[in-house]
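Here is a short report on charges and contacts in one protein model. Take a look at the sequence and structure first.

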Amino acid sequence: MSTTERKAIRTSPNNWQLDGESDLNAITLPDPPKPGAPTTVRLTHSNSYGPFDEADFFVRVGDPKNPTAQDDLDSHTDWVQAQLVEELVTVGDD
């Protein structure tokens with residue numbers, strides 16, 4: 001299955017383990033992003049307790065040669081709130 005056909009991203013080099021039993025995986029379409037062209041960031045948030053509605057996601061449209069400090073998200077101020085385009089929810093096998 002190609003990257004563009006995948007909906008849920010289960011494994012990615014862009015993976016974070018968050019507080020509260022949550023995992024976040026992300027990819028960009030296209031990969032790598034092209035300067036001046038639209039890019040989709042596909043995020044998959046999974047939580048062992050089930051889905052929840054009160055999550056806001058932000059992406060940083062920045063310079064890959066000047067990444068955000070891993071322990072200081074405020075080290076850069078060019079974060080943009082992600083706009084939800086599609087939401088897929090899986091609970092158990094449903």
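A patch of negative charge sits on the surface, formed by Asp53, Glu54, Asp56 and Glu87. Patches take residues with over 30% relative accessible area and no salt bridge, joining like charges within 9 Å and nonpolar side chains (Val, Leu, Ile, Met, Phe, Trp, Tyr) within 5 Å. Asp and Glu count as negative.

The model is predicted: local features need pLDDT of at least 70, side-chain atom pairs need pLDDT 80 or more, and totals for chains, interfaces and linings use all residues. Numbering starts from 1 along each chain as its sequence is written, and side-chain values use heavy atoms, without hydrogens and water.

Aspartate 56 belongs to the loop between strand 3 (40-47) and strand 4 (58-60). Strands are DSSP runs (E, at least two residues), numbered from the N terminus.

| Residue | Relative accessibility | Class |
|---|---|---|
| Aspartate 56 | 56% | exposed |
| Aspartate 78 | 29% | partly exposed |
| Asparagine 25 | 5% | buried |

Asparagine 25 is part of strand 2 (residues 22-29). Its side chain comes to 3.4 Å from the backbone nitrogen of serine 12.

How many salt bridges does the structure hold? There is 1. Such a bridge needs a side-chain nitrogen of Lys or Arg within 4 Å of a carboxyl oxygen of Asp or Glu. Arginine 60 and aspartate 78 form it, at 2.6 Å from N to O. This pair links distant parts of the chain, 18 residues apart: arginine 60 is in strand 4, aspartate 78 in the loop between strand 4 and strand 5 (79-81).

Terms used:
Accessible areas come from the Shrake-Rupley method with a 1.4 Å probe; for residues, only the protein chains shown count as cover. The place of a charge is taken as NZ of Lys, CZ of Arg, CG of Asp or CD of Glu. Helices (H or I, at least four residues) and strands (E, at least two) are DSSP runs, numbered from the N terminus. Buried means under 20% relative accessible area, exposed over 50%, partly exposed in between (1.4 Å probe, protein chains only). A polar contact is a pair of N or O atoms within 3.5 Å; within protein, one must be able to donate a hydrogen and the other to accept it, and residues adjacent in sequence count only if both atoms are side-chain atoms.
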